[in-house]
Amino acid sequence: MTPEKFELQVKSWLESSASRLESFSTEHRKDLKGHDGEYEIDVVARFRAFAGAEFLMIVECKKHKNPIKREVVQAIRKKQLSLGAHKAMVVSTAKFQSGAIEFARNHGVSLVQLISGAAAYIQAAAIKRDLPIPESAEDYAGIFYGVIPKMIPQPFTAKKNYGLAGYLENL
């Protein structure tokens, strides 16, 4: 799967998680102007809640083999502040280094590690092994590190993603 196809899969996955939000829309590779310059964002989500309040979420997609470093999370946080986004998320095919998780916890950035269903089961059994990401979003499973409460990892699948739905709705 190419990085662009991965970004589009993440976009589709977000769309499927937002059924209870008003006017939920996503855009792929959108240029947004912040107070300190322009940024290309992998996936932008906009939605309404609370009878009309508008929200902006930015998502950085990383299809990497090596663990995601703290600097990646710091960069999206800087973009979030510049753009005035309400939520920021990093979605990765790789694990997150402990410094990235700590920074995300302290600054309200959500982290998602997508893995195959088989890998989710293996990881839950505490056996570390890498497996390829399937081509179909319906086969995705992963670990959602929501900012509430305290970055506790929550497993999810393409059909049962309560952690992400809760994150989107918790404003």
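## Lys79 and its contacts

Setting aside residues up to four places away in sequence, Lys79 touches Tyr39, Glu40, Ile41, Ile58 and Glu60. The model is a predicted one. Lys79 sits in helix H2. Its relative accessibility is 16%, and because the cut-off for buried is under 20%, Lys79 counts as buried.

One of the residues touched by Lys79 is Glu40, which belongs to strand E2. Glu40 has a relative accessible area of 47% and is therefore partly exposed. Apart from residues up to four places away in sequence, the contacts of Glu40 are Arg29, Lys30, Asp31 and Lys79. Between Glu40 and Lys30 the C-alpha to C-alpha distance is 5.5 Å, with 10 residues separating them in sequence.

## Helix H2

H2 consists of 14 residues. From first C-alpha to last, H2 reaches 20 Å, close to the 20 Å expected at 1.5 Å a residue. Buried positions in H2 are Val72, Val73, Ile76, Lys79, Gln80, Ser82 and Leu83. Just after the helix, Gly84 adopts a positive phi of about 70 degrees.

## Packing of H2 and H3

The axes of H2 and H3 lie 7 Å apart and form an angle of about 25 degrees. Because angles under 35 degrees count as roughly parallel, H2 is roughly parallel to H3. On the H2 side, the residues that meet H3 are Arg70, Val73, Gln74 and Arg77. Their counterparts in H3 are Gly99, Ala100, Phe103, Ala104 and His107. Sorted by class, this contact has 4 nonpolar, 3 polar and 2 charged residues.

## Nonpolar cores

In soluble globular proteins, nonpolar side chains tend to be buried together. The largest nonpolar core here has 22 residues. Within that core, Ile41, Ile58, Val73, Val90, Phe96, Val109 and Leu111 touch the most other members. At least two residues of the core come from each of strand E2 (37-49), strand E3 (53-62), helix H2 (70-83), strand E4 (87-92) and helix H3 (98-107).

Ile58 is one of the residues that touch the most other members of the largest core. Leaving aside neighbours within four places in sequence, Ile58 is in contact with Leu32, Ile41, Val43, Ile76, Lys79, Gln80, Leu83, Ala85, Lys87, Ala88 and Met89. Among these contacts of Ile58, Ile76, Lys79, Gln80 and Leu83 are buried residues of H2.

## Helix H1

Helix H1 covers residues 3-16, a run of 14 residues. The distance from its first C-alpha to its last is 20 Å, close to the 20 Å expected at 1.5 Å a residue. Phe6, Glu7, Gln9, Val10, Lys11, Trp13 and Leu14 are buried in H1.

## Overall fold

The protein contains 5 helices and 7 strands. Read from the N terminus, the order of elements is α-β-β-β-α-β-α-β-α-β-β-α. The protein has 171 residues, of which 47% count as buried. Among contacts between residues at least 6 apart in sequence, 55% link residues at least 24 apart.

Notes
Residues are numbered from 1 along each chain as its sequence is written. This is a predicted model: local features need pLDDT of at least 70, side-chain atom pairs count only at pLDDT 80 or more; totals for chains, interfaces and linings use all residues. Side-chain values use heavy atoms; hydrogens and water are left out. A nonpolar core is a set of buried Ala, Val, Leu, Ile, Met, Phe, Trp, Tyr and Cys residues joined through side-chain atoms within 4.5 Å. Buried means under 20% relative accessible area, exposed over 50%, partly exposed in between (1.4 Å probe, protein chains only). Helices (H or I, at least four residues) and strands (E, at least two) are DSSP runs, numbered from the N terminus. Contact means heavy atoms within 4.5 Å. Axes are lines fitted to C-alpha atoms, for helices over the stretch in contact, and angles run from 0 to 180 degrees between N-to-C directions. Angles under 35 degrees count as roughly parallel, over 145 as roughly antiparallel, 65 to 115 as roughly perpendicular and the rest as oblique. Ala, Val, Leu, Ile, Met, Phe, Trp, Tyr, Cys and Pro count as nonpolar, Asp, Glu, Lys and Arg as charged, and the others, Gly among them, as polar. The expected span of a helix is 1.5 Å times one less than its number of residues.
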